[in-house]
Amino acid sequence: EAGRIAESIIDAAEHFDGRLPEAFAGFDREVDRRPVELPTASSPAAWSTGAPFLLLRALLGLEPRGDELVTAPVVPARFGRIELLSVPGRWGRTDALGGVRSTGGLK
């Protein structure tokens, strides 16, 4: 589910020049592919610009456990490979990697 949401938010962000508004709406994609920004919405909004980072956390399955950063990636094929390098934390610095396997399964 996080992959579907991430893909949709990235699609929407393209229509807003990468500046996600705090709220937007739209119609079924078969009717109209463009999202509609609400006239009074702030753009960009601080919390909406943070949303892609939370989606990265979900796609890479990032979870701090004790002195380790555990990953359990589930990356949609559209993204190919996602790499967060040198992620700092109580584990020091570590890389978080996720990608689609060549067999079509998720890694």
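This is a predicted model: local features need pLDDT of at least 70, side-chain atom pairs count only at pLDDT 80 or more; totals for chains, interfaces and linings use all residues.
Residues are numbered from 1 along each chain as its sequence is written, and side-chain values use heavy atoms, without hydrogens or water. Local features need pLDDT of at least 70 and side-chain atom pairs pLDDT 80 or more, whereas totals for chains, interfaces and linings use all residues.

Ala6 lies in H1, residues 2-15 (helices are DSSP runs of H or I, at least four residues; strands are runs of E, at least two). Ala6 counts as buried because its relative accessibility is 3% (buried is under 20%, with a 1.4 Å probe and protein chains only). Beyond its neighbours within four places in sequence, Ala6 contacts Leu55, Leu59 and Phe79 (heavy atoms within 4.5 Å). Leu54 is 48 residues from Ala6 in sequence, with a C-alpha to C-alpha distance of 9.6 Å.

The axes of H1 and H2 (residues 46-60) come within 9 Å and cross at roughly 145° (lines fitted to C-alpha atoms over the stretch in contact; angles run from 0 to 180 degrees between N-to-C directions). H1 contributes Ala2, Gly3, Ile5, Ala6 and Ile9 to the contact, and H2 contributes Leu55, Ala58 and Leu59. Seven of these residues are nonpolar, one is polar and none is charged (Ala, Val, Leu, Ile, Met, Phe, Trp, Tyr, Cys and Pro count as nonpolar; Asp, Glu, Lys and Arg as charged; the others, Gly among them, as polar).

H1 also gives six residues to the lining of the largest pocket, the largest share (on a 1 Å grid over the protein atoms alone, a pocket is an open set of points where a 1.4 Å probe fits, with protein on both sides within 12 Å along at least five of seven lines; lining residues have an atom within 4 Å of a point). The lining has six nonpolar, three polar and six charged residues.

Conventions
Buried means under 20% relative accessible area, exposed over 50%, partly exposed in between (1.4 Å probe, protein chains only).
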